[in-house]
Amino acid sequence: MSSSLLFNITTLSYMVSMLLFFAFLASRNKGVGLAASGVAYAGWLIQTAAILLRWKESYAMGHGHAPLSNLYESVVFFAWTIILIYGIIEMKYKYRVVGAFVVPFALLGMAWAQLGLSSGIEPLVPALQSNWLLYHVITCFLGYAAFAVACGISIMYLIKERHESATGGDGQAGGVMATFPSVRVLDDLNYKAIMIGFPLLTLGIVTGAAWANYAWGTYWSWDPKETWSLIVWFIYAAFLHARITRGWVGRRAAFLSIIGFAATIFCYLGVNLFLSGLHSYGGK
């Protein structure tokens, strides 16, 4: 059995999970919701095994590095972290329906990796030959994943809030809306997800600076990736500052969370694919 086969099974699992979550939204059947979560977690376990197997395959080929060194491997790891963060939030706060707006992010990542990216295992370029690779990539992608979950929750908030505005907010939501948590709960979950992601992103930037000094002899060089990482950091810092000191909640917080995740995706993929710089290996 190869890691590629396990990644294919993972992609299929996330697809089935997403469809079950949509069926859960439509039917409000708790058994369907439980199955949706179960399939997502099963896919995550299979993906964990696949990542470990790919790591082993790298050693068998004589390269010997963690599977975090190119675009394919980073997209796969991003999908893994999204389900991990979703699972933590779902188990802690018991709002299973959030999976309907988060699992699709993981599915899109896995589908793109499997169908559109080269999956070859290559030797590390000199700049990546450091343990800082692990510290930097893991912290950054855990932060990105928390922001993805916050984005999904923010989309739920805007849908719920618009429905309540249209119906006069009488609290008698039916159909799909009946499965959504209240707007107050969604707003709070958005805040909590960003509170998880922000310190992780901060740690990712710090470990990245340490890695840059090891690889290129300077902590900061205003490389496009570094610049955009700082932009993303300022957006989420502004979110937290506005919420704590100005009382920004509700729709404005949801929009800022979505903008922050759009900037995160550009920092991760847009810079890698469209801009040249010290991180250009990340687009291969």
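Mentor: A pocket is an open set of grid points with protein on both sides within 12 Å along at least five of seven lines, and in this predicted model the largest pocket has a volume of about 230 Å³.

Trainee: What makes a residue part of the lining of the largest pocket, and which elements give two or more residues to that lining?

Mentor: A lining residue has an atom within 4 Å of a point, and those of the largest pocket include Val 75, Phe 105 and Tyr 268. The elements that give two or more residues are H3, H4 and helix H8 (251–274). By class, the lining has 11 nonpolar residues, one polar and no charged ones.

Trainee: Why is the pair of Arg 96 and Glu 90 called a salt bridge?

Mentor: The definition asks for a side-chain nitrogen of Lys or Arg within 4 Å of a carboxyl oxygen of Asp or Glu, and the side chains of Arg 96 and Glu 90 meet at 3.6 Å, N to O, so the pair qualifies.

Trainee: What does the salt bridge of Arg 251 with Glu 161 tie together?

Mentor: The closest N and O atoms of Arg 251 and Glu 161 are 2.9 Å apart. Arg 251 lies in helix H8 and Glu 161 in helix H5 (residues 132–167), so the pair ties together parts that are 90 residues apart in sequence.

Technical notes: Residues are numbered from 1 along each chain as its sequence is written. This is a predicted model: local features need pLDDT of at least 70, side-chain atom pairs count only at pLDDT 80 or more; totals for chains, interfaces and linings use all residues. Side-chain values use heavy atoms; hydrogens and water are left out. On a 1 Å grid over the protein atoms alone, a cavity is a set of points where a 1.4 Å probe fits but cannot get out, and a pocket is an open set with protein on both sides within 12 Å along at least five of seven lines; lining residues have an atom within 4 Å of a point. Grid points are joined across faces, edges and corners, and a volume is the space filled by probe spheres set on the points. Helices (H or I, at least four residues) and strands (E, at least two) are DSSP runs, numbered from the N terminus. Ala, Val, Leu, Ile, Met, Phe, Trp, Tyr, Cys and Pro count as nonpolar, Asp, Glu, Lys and Arg as charged, and the others, Gly among them, as polar.
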